[in-house]
Amino acid sequence: MKKKAVGLLVLLVVYLSAIAIGTTSFILLKNYLYFLVNILVADVLANIFVWLCGVIFKTASMYDPYWSVQTMFFYIGMLIHFNNFNLFTIVPLVVISLYSIRLTANFIKGFHDLSYVDWRYKMLAKKSGKFFQLVNLFGICMFPTLVVYLCSVPLFIYASLLFEAYSYLDFIGSFIILGGTILELISDIQMKIFIKNRKDKGEVINVGLWKYSRHPNYLGEISIWFGAALILIIHNYLYWYWIIGAIVNLLMFLFISIPMEEKHMLEYKPTLKDYIKTTSMLLILPRRKLKEIECE
């Protein structure tokens with residue numbers, strides 16, 4: 001318990017320092033850079049600081065909470081910067097904060113101490129050898145940060161719309177974010193109950209949402225960022241191209257995160273092959289019968 005408390009205190013100091021660095025950078029450069037570029041610079045500098053702290057404390061997991069809180073803090077910063085607090089900008093703040101707080105609370109609950117390292121990081125460390133810190137910086141830290149930045153840009157632009165007529169239709173995107181957050185929460189609860197009651201590590205979950213989707217938690221995550229894009233696009237369709245962040249995020253899950261995770265699980269879950277054949281990857285759909293698949 002003491003190690004957990006010390007570790008969380010270190011993380012708190014690191015992240016407060018990262019916020020200070022990002023804020024200072026934004027203030028110093030606000031008269032020289034377009035605000036979206038300025039946010040990106042502040043984001044990258046804060047990210048590099050977190051990475052450096054991870055190197056000092058010898059843990060790649062120092063970054064874990066970053067991607068879940070960066071949007072909330074930068075969105076708050078934009079609302080302050082543009083002094084644009086109203087019902088239509090506060091509702092997105094509430095739902096994206098619920099998303100960030102839930103993920104952060106989930107991280108804190110599972111956190112033991114600074115020695116914890118995610119299995120993905122161990123795998124990358126083994127493959128990259130002496131180049132691991134570069135992989136750590138650009139692969140583990142910078143890549144997801146840039147993806148989340150792209151996903152968050154619609155919110156940053158929305159915060160800058162000072163003299164436009166807002167519409168209650170703008171709330172559709174916020175409802176999608178809330179729905180995605182709830183979907184993630186339910187999925188996580190069902191997974192935790194399953195892990196607590198399973199007989200062995202090789203057992204495959206087949207209850208609740210997981211019976212109809214192999215990754216309902218990822219479906220929630222993907223939905224959240226499409227919701228964020230729709231807040232802006234429904235408000236003004238001329239911003240349609242900022243759907244790009246949500247699409248990049250979707251592709252990251254489809255071609256990197258999910259294949260990597262399932263390949264890892266196949267090593268110790270022998271029945272996962274059948275689960276993959278019968279169960280939808282993301283969408284919550286009726287399961288197919290294995291016999292029908294084998295007859296095709």
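The model is predicted, so local features need pLDDT of at least 70 and side-chain atom pairs count only at pLDDT 80 or more, while totals for chains, interfaces and linings use all residues. Residues are numbered from 1 along each chain as its sequence is written, and side-chain values use heavy atoms, with hydrogens and water left out.

Helices are DSSP runs (H or I, at least four residues), numbered from the N terminus. Axes are lines fitted to C-alpha atoms, for helices over the stretch in contact, and angles run from 0 to 180 degrees between N-to-C directions. The axes of α1 and α2 cross at roughly 150° and come within 8 Å. That angle makes α1 roughly antiparallel to α2 (over 145 degrees; under 35 counts as roughly parallel, 65 to 115 as roughly perpendicular and the rest as oblique). The α1 and α2 crossing is right-handed. A crossing has this hand if the near helix is turned clockwise from the far one by less than a right angle, and is left-handed if anticlockwise. Contact means heavy atoms within 4.5 Å. On the α1 side, the residues that meet α2 include V14, I21, F26 and L29. Their partners in α2 include F35, I39, L45 and F49. By class, this contact of α1 with α2 has 15 nonpolar, 4 polar and no charged residues. Ala, Val, Leu, Ile, Met, Phe, Trp, Tyr, Cys and Pro count as nonpolar, Asp, Glu, Lys and Arg as charged, and the others, Gly among them, as polar.

Helix α3 (residues 66–82) packs on helix α6 (residues 132–159), with axes that come within 10 Å and cross at roughly 25°. The two helices, α3 and α6, are therefore roughly parallel to each other. Their crossing is right-handed. Among the α3 residues in the contact are W67, F74, M78 and F82. From α6 come residues including V148, Y149, L155 and F156. The contact of α3 with α6 has 13 nonpolar, 4 polar and no charged residues.

Helix α6 also meets α8. Their axes come within 8 Å and cross at roughly 35°. Here the crossing is left-handed. V148, L155 and I157 are among the α6 residues in this contact, and W225, I231 and L232 are among those of α8. The contact of α6 with α8 has 11 nonpolar, 2 polar and no charged residues.

A nonpolar core is a set of buried Ala, Val, Leu, Ile, Met, Phe, Trp, Tyr and Cys residues joined through side-chain atoms within 4.5 Å. Buried means under 20% relative accessible area, exposed over 50%, and partly exposed in between (1.4 Å probe, protein chains only). The largest core holds 69 residues, of which L36, I39, F156, I157 and W225 touch the most other members. Helices that each supply at least two residues of this core include α1 (2–29), α2 (35–56), α4 (87–110), α7 (171–197), α8 (216–235) and α9 (244–265). Helix α6 gives the largest share, 15 residues. Beyond its neighbours within four places in sequence, I39 is in contact with F26, F74, M78, Y149 and F156. Another core, of 7 residues, lies apart and includes F194, V204, W210 and M265.

Three further residues make contacts beyond four places in sequence. N136 is found in helix α6. It counts as buried, at 3% relative accessibility. N136 is in contact with W51, A60 and C141. D188, in helix α7, is also buried, with a relative accessible area of 15%. D188 touches R102, N106 and N217. The C-alpha atoms of D188 and N106 are 9.0 Å apart, although 82 residues separate them in sequence. Y116 sits in the loop between α4 and α5 (119–128). It is partly exposed, with a relative accessible area of 37%. Y116 touches T59, S61 and D64. Y116 and T59 are 57 residues apart along the chain, and their C-alpha atoms are separated by 7.4 Å.

Backbone angles complete the account. Most residues other than glycine have a negative phi. K58 has a positive phi, near 60°. This residue, K58, lies in the loop between α2 and α3 and counts as exposed, at 75% relative accessibility. N83 also has a positive phi, near 50°. N83 is in the loop between α3 and α4 and is exposed, with a relative accessible area of 64%.
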